[in-house]
Amino acid sequence: MSAALGDRRREKIDALAARAGQVPEGEGGVSLTRSAIRRLRRDPVAIIGAVIVVVFVVVAVLAPLLAPRDPLAQTLLGQVRQGFIPGAQDGFPLGVDQLGRDTLSRLIYGSRQSLLIGVVSTVLGLVVGMGLGVLAGAFGGWVDTLVMRFVDILLSIPGLLMAISVSVLLGRNQYALMIAIAVTQVPVFARLLRGSMLSQRDKDYAVAARALGVKRSRIVFGHVLPNSLSPVIVQGTLSLATAIIEAAALSFLGLGDPDISRPEWGAMLANAQEVLSIRPELAVYPALCIIVVALGFTLLGESLREALDPKFRR
């Protein structure tokens with residue numbers, strides 16, 4: 001009797017879920033992850049963002065195989081003269097820069113720098129921000145107050161100004177660039193995780209665990225923290241777009257990697273300012289790469305946020 005009653009209740013729940021559009025008619029209930037994946041597969045915006053991100057990653061990883069020429073080889077330097085830079089021609093589909101280097105090869109290799117800086121800086125900001133968020137959300141009290149006041153100080157400084165200040169203090173190198181961008185990401189992740197953990201800390205399962213005498217560390221790391229990670233993961237996707245833009249901005253301002261053996265889109269954009277009247281395309285190409293890649297991560301992140309948010313499930 002109890003088994004039949006349980007089956008009827010399960011059927012009613014599945015019927016309600018199907019009526020709300022969460023699962024197809026006739027299928028059982030699914031987890032949040034499977035439901036999010038199913039919704040992302042039906043979302044054209046998510047598909048466009050995912051395609052852009054996948055193409056960007058593939059180009060960055062396979063740059064040595066995809067680039068038609070050495071990005072440092074000044075192959076057509078002899079054709080460059082005062083007031084003239086060769087444009088597209090056989091073997092050079094996007095032409096060359098003012099030093100006779102193949103523009104297409106430099107764009108392809110530049111994607112590696114953007115991916116490396118974006119991923120490393122976002123991971124650093126995520127790790128430090130999550131550490132602060134866990135401290136504030138798990139302990140509360142004076143620990144929460146102290147951590148949040150520190151985070152408020154970081155948030156009071158504009159992100160680009162903070163990145164410029166850190167980059168200048170640490171010196172002009174690739175590692176300083178990553179740390180500078182990561183510092184601007186820390187307060188975002190810290191506040192987001194702290195707020196999510198505070199909302200989870202008073203849920204019934206956490207209150208019941210405390211009433212049963214479960215240790216605080218087990219409640220925090222075994223239950224509260226895993227249930228609080230969804231918005232942080234979404235923000236990580238969105239922060240990748242911000243990190244790529246900030247890396248290009250710092251390189252444009254001359255605070256990026258000084259090693260010319262590593263082409264970077266922001267540095268290419270800065271170098272193109274000298275020849276805008278001759279070859280404006282040299283500025284257009286890296287600018288389009290930055291815009292398209294940032295758009296791809298933004299579209300994917302927004303779609304992921306809606307797929308994981310119960311309010312958008314209808």
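What share of the 314 residues of the protein counts as buried? In this predicted model, the share is 42%. The protein is built from 13 helices and has zero strands. Among contacts between residues at least 6 apart in sequence, 70% join residues at least 24 apart.

**Annotated transmembrane regions**

- An unreviewed UniProt entry carries the annotation "transmembrane region" for residues 45-67, 115-143, 150-169, 175-193 and 283-304.
- Over one of these spans, residues 150-169, the model is 85% helix and 0% strand.
- Residues 175-193 are 100% helix and 0% strand in the model. Their end C-alpha atoms lie 26 Å apart.

**Helix α11 against helix α8**

- Helix α8 comprises residues 174-201 and helix α11 comprises residues 230-252. Their axes come within 10 Å and cross at roughly 155°.
- Angles over 145 degrees count as roughly antiparallel, and α8 and α11 are therefore roughly antiparallel to each other.
- The crossing of α8 past α11 is right-handed.
- On the α8 side, the contact is made by Leu 177, Ile 181, Thr 184, Gln 185, Val 188, Phe 189, Leu 192, Leu 193 and Ser 196. The α11 side contributes residues including Pro 231, Val 232, Gln 235, Gly 236, Ser 239 and Thr 242. Also among them are Ala 243, Glu 246, Ala 247, Leu 250 and Ser 251 of α11.
- By class, the residues of this contact between α8 and α11 comprise 11 nonpolar, eight polar and one charged.

**Helix α11 against helix α13**

- Helix α11 also packs with helix α13, which spans residues 281-308, at an angle of about 170° and with the axes 9 Å apart.
- The helices α11 and α13 are therefore roughly antiparallel to each other.
- From α11, the residues that meet α13 are Ser 230, Val 234, Thr 237, Leu 238, Leu 240, Ala 241, Ile 244, Ile 245 and Ala 248. Their partners in α13 include Ile 290, Val 293, Ala 294, Phe 297, Thr 298 and Leu 300. Gly 301, Glu 302, Leu 304, Arg 305 and Leu 308 of α13 are also among the partners.
- The contact of α11 with α13 has 14 nonpolar, four polar and two charged residues.

**Helix α5 against helix α3**

- The axes of helix α3 (residues 44-61) and helix α5 come within 8 Å, crossing at roughly 110°. This angle makes α3 roughly perpendicular to α5.
- Phe 56, Val 57, Val 59, Ala 60 and Val 61 of α3 meet Ile 108, Ser 111, Arg 112, Ser 114 and Leu 115 of α5.
- Seven nonpolar, two polar and one charged residues form the contact of α3 with α5.

**Two residues of helix α5**

- Gly 110 is located in helix α5. With a relative accessible area of 0%, Gly 110 is buried.
- Not counting residues up to four places away in sequence, Gly 110 touches Pro 263, Glu 264 and Trp 265. Gly 110 and Gly 266 are 156 residues apart in sequence, and their C-alpha atoms are 8.9 Å apart in space.
- Met 130 lies in helix α5, which spans residues 103-139. Leaving aside residues up to four places away in sequence, Met 130 touches Leu 193, Leu 229 and Val 232.
- Leu 193 of α8 and Val 232 of α11 also take part in the contact between those two helices.
- Between Met 130 and Arg 194, the separation is 64 residues in sequence and 8.3 Å in space, C-alpha to C-alpha.

How values were computed. Residues are numbered from 1 along each chain as its sequence is written. This is a predicted model: local features need pLDDT of at least 70, side-chain atom pairs count only at pLDDT 80 or more; totals for chains, interfaces and linings use all residues. Side-chain values use heavy atoms; hydrogens and water are left out. Axes are lines fitted to C-alpha atoms, for helices over the stretch in contact, and angles run from 0 to 180 degrees between N-to-C directions. Helices (H or I, at least four residues) and strands (E, at least two) are DSSP runs, numbered from the N terminus. Angles under 35 degrees count as roughly parallel, over 145 as roughly antiparallel, 65 to 115 as roughly perpendicular and the rest as oblique. A crossing is left-handed if the near helix is turned anticlockwise from the far one by less than a right angle, and right-handed if clockwise. Contact means heavy atoms within 4.5 Å. Ala, Val, Leu, Ile, Met, Phe, Trp, Tyr, Cys and Pro count as nonpolar, Asp, Glu, Lys and Arg as charged, and the others, Gly among them, as polar. UniProt positions are given in the numbering used here, feature names are shortened, and annotations may be inferred rather than shown by experiment. Buried means under 20% relative accessible area, exposed over 50%, partly exposed in between (1.4 Å probe, protein chains only).
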